[in-house]
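Here is a short report for a reader new to this structure. Please look over the sequence and the model first.

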Amino acid sequence: MLANQSGSYLGQPSSPVSILGILFFLLGAPHIYSALQRRAQRPRPSVTPARYVLVAVLVSAIAGAVEISLF
């Protein structure tokens, strides 16, 4: 029964493959890959202690504003 069902599909044309879609994929894939590689190889910005101090001051100011607004 399975062989008869698969044989009935042989006479029907398969769905058309978009040549334009394949062309766009082949042209775009190397560019996407190189962009991802550049992003991975980009040097990370160093976090200095001054940034930690700035973040701590900002968080303290926000927490103080929230505390004041609650009373």
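In what order do the elements of the protein run from the N terminus on? They run α-α-α. The model is a predicted one. It holds three helices and zero strands.

| Helix | Residues | Count | Reach, first to last C-alpha | Expected reach |
|---|---|---|---|---|
| Helix 2 | residues 19–41 | 23 residues | 34 Å | 33 Å |
| Helix 3 | residues 49–70 | 22 residues | 32 Å | 32 Å |

In helix 2, the reach is close to the expected value. The reach of helix 3 is also close to what is expected. Helix 2 has a kink of about 30° at Gly 28. The kink lies shortly before the proline Pro 30.

**Cover and surface**

How many of the 71 residues of the protein count as buried, in percent? The share is 0%. Helix 2 lies largely in the open, because the number of buried residues among its 23 is zero. Helix 3 is hardly covered, with a buried count of zero among its 22 residues.

The accessible surface of the protein comes to about 7,000 Å². Carbon and sulfur atoms hold 71% of that surface.

**A nonpolar patch**

Ile 19, Ile 22, Phe 25 and Leu 26 make a nonpolar surface patch of about 450 Å². Ile 22 sits in helix 2. Its relative accessible area is 39%, so Ile 22 counts as partly exposed. As a general point, an α-helix has 3.6 residues a turn, so residues three or four places apart point the same way.

Terms used. Residues numbered from 1 in each chain as written. Predicted model: local features only at pLDDT ≥ 70, side-chain atom pairs only at ≥ 80, totals over all residues. Heavy atoms only, no water. Helix = DSSP H or I, 4+ residues; strand = E, 2+ residues; numbered from the N terminus. Expected span 1.5 Å × (residues − 1). Buried < 20%, exposed > 50% of the residue type's maximum accessible area, 1.4 Å probe, protein only. Areas by Shrake-Rupley, 256 points an atom, 1.4 Å probe, with all protein chains shown as cover. Patch = residues over 30% accessible without salt bridge, like charges linked within 9 Å, V, L, I, M, F, W, Y side chains within 5 Å. Salt bridge = Lys/Arg side-chain N within 4 Å of Asp/Glu carboxyl O. Bend = angle between axes of the 7 residues up to and from the residue.
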